[in-house]
Amino acid sequence: MAVHTVVIGAGVIGLATAYRLARAGAAVTVVDASDGETGASVHNAGWVTPILSAPVPAPGMVGKALRWMLRRDSPLRVRPVPRPEHVRFMVAMLRHCNVRDFNRGLLALMRLNERTIELLDRYEQDGVRFESHSPGQLMAFHAFETRREYQHAMAPLERIGHTAEQLTGDELRDLEPALGGHARAGLLCPRERHLDPVSLVKGLKDRCRDLGVRFVFDSPVEAVTFRGTEAVSVLAGGAAIDGDRFVLAVGARTGRLARLAGFALPVQPGKGYGFDDTSGAAGLRHSVYLGEAKVAVTPLSDRLRFAGTMEFGSWGDGIDRHRLGGIVRSAREFLPEFPADAPRAAWSGLRPMTPDGLPVIGRLPGRDNVFVAGGHGMFGVTLSPVTAEIIAAQIEGGKAAEDVAAVAEPFTPLRFAPKRP
Ligand SMILES: Cc1cc2nc3c(=O)[nH]c(=O)nc-3n(C[C@H](O)[C@H](O)[C@H](O)COP(=O)(O)OP(=O)(O)OC[C@H]3O[C@@H](n4cnc5c(N)ncnc54)[C@H](O)[C@@H]3O)c2cc1C
């Protein structure tokens with residue numbers, strides 16, 4: 001009988017993993033607390049941009065964060081929440097804001113991203129239907145200094161074929177006439193892509209169903225039952241679901257669920273906001289990064305999507321109008337045609353953040369058959385296909401697991417094991 005894997009979480013990470021396992025012939029059940037269409041996986045900018053895959057904790061971040069703290073509409077906010085896990089998380093993240101950890105993390109993410117584009121192409125060849133665009137990505141800057149900083153951070157990614165070409169303000173406008181004079185310097189990243197994240201989630205779900213994956217929705221996992229070091233079932237929405245392997249792919253809730261499975265992981269939410277504009281006022285072909293404001297603009301077939309801001313210490317899906325207002329203001333600076341009163345469908349999403357800025361991918365320490373795929377922060381869409389490859393290889397074991405061992409090693413949950421003297 002086929003090995004039965006229970007994947008907890010029907011966001012892009014859980015679905016990509018379920019799809020990869022089912023395609024290889026495994027029996028798979030996906031369990032989700034909702035219908036799987038409420039999480040960050042549908043509320044994001046939809047960029048597949050290995051070139052931007054630098055860890056969030058970076059040298060110089062502390063100074064910027066302190067300056068931004070004074071503005072409620074800034075790209076970054078840390079809410080002063082007196083919860084111990086939040087405070088511990090922020091302190092740990094500060095400790096990772098150094099050159100050594102940043103470079104180490106960047107190298108690890110670069111290796112992880114080596115197959116991203118190839119794996120995404122395979123999705124399309126294998127009948128996963130979703131809206132995807134490949135004209136390349138533009139980055140627009142007001143200050144030359146900001147462009148220089150980005151170029152410096154992205155330069156190592158050339159080694160895996162992700163490059164950035166320098167553009168003047170006029171060259172930017174030749175490519176995207178909607179960009180106004182505020183954009184004085186630019187970059188064109190020809191290999192980066194964008195997609196409609198709602199369609200990717202739907203496409204993966206549909207393909208999973210074709211492959212026989214069973215879905216159990218509206219069933220939050222509340223407990224994990226073990227026999228020795230092996231999990232045997234999860235309690236979801238009051239019913240026990242048995243399995244041979246379990247994958248925890250619950251985004252920002254990874255910390256809580258991993259604790260239920262017996263190992264604490266420091267995953268906290270990094271809340272982002274966005275809105276979809278259907279007015280058609282500012283037409284774009286490329287996805288555009290508004291560098292100083294850290295706002296992502298994504299042209300999709302039926303809407304222009306704006307996304308940005310990072311807020312630590314916030315759970316829930318409430319909308320902070322100040323932060324949303326910050327995104328609208330930046331949009332109007334760079335896209336003068338964009339109307340102040342454009343119809344705005346606002347949304348928020350919780351990025352699953354880790355203190356070192358790296359995802360957590362691998363077997364849960366002390367548990368033989370429980371795997372974690374979470375903490376993907378700002379890159380969950382980009383990293384979903386390769387995460388699924390690694391988890392599938394680790395579940396398969398043997399040569400498959402050996403082949404991914406070196407790439408997967410920096411992401412092991414073991415790095416969060418309590419240090420023994
Ligand atoms: C504003 C914004 C912009 C972004 N832009 C990009 C981008 O352009 N490119 C990119 O690569 N990434 C981007 N991201 C990041 C990306 O969206 C996330 O990294 C990714 O969606 C995380 O996916 P996930 O499947 O781990 O989590 P989620 O999408 O949060 O899914 C987790 C699922 O687990 C379920 N769940 C939770 N707890 C339980 C439980 N106890 N039992 C059962 N089910 C449970 C939830 O219901 C949910 O469906 C962005 C994020 C935000 C917020």
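β19 gives the most to the shell around the ligand, contributing four residues. The model is predicted.

**Ligand surroundings**

The ligand has 36 residues around it, of which Asp32, Ser41, Val221, Gly377 and Thr382 come nearest. By class, the shell divides into 17 nonpolar, 16 polar and three charged residues.

| Residue | Protein atom | Ligand atom | Distance |
|---|---|---|---|
| Asp32 | polar side-chain atom | oxygen | 2.7 Å |
| Trp47 | polar backbone atom | nitrogen | 2.8 Å |
| Gly377 | backbone N or O atom | oxygen | 2.8 Å |

On its own the ligand has 1000 Å² of accessible area, and the protein covers 93% of this. The elements that supply two or more residues to the shell are α1 (12-23), β19 (344-353) and α11 (380-396).

**The sheet β11-β12-β13**

Three strands, in the order β11-β12-β13, make up an open sheet with antiparallel pairing. Its edge strands, β11 (221-227) and β13 (239-242), each pair on one side only. Neighbouring strands in this sheet are turned against each other by 30° on average, with direction ignored.

The pairing of β11 with β12 (residues 230-236) is antiparallel and runs over six bridges. Phe226 stands opposite Ala231 of β12.

Technical notes. Residues numbered from 1 in each chain as written. Predicted model: local features only at pLDDT ≥ 70, side-chain atom pairs only at ≥ 80, totals over all residues. Heavy atoms only, no water. Near = heavy atom within 4 Å. Polar contact = N/O pair within 3.5 Å; in protein donor to acceptor, adjacent residues only side chain to side chain. Areas by Shrake-Rupley, 256 points an atom, 1.4 Å probe, with all protein chains shown as cover. Nonpolar A, V, L, I, M, F, W, Y, C, P; charged D, E, K, R; others polar. Pairing = 2+ DSSP bridges. Axes fitted to C-alpha atoms, helices over the stretch in contact; angles between N-to-C directions.
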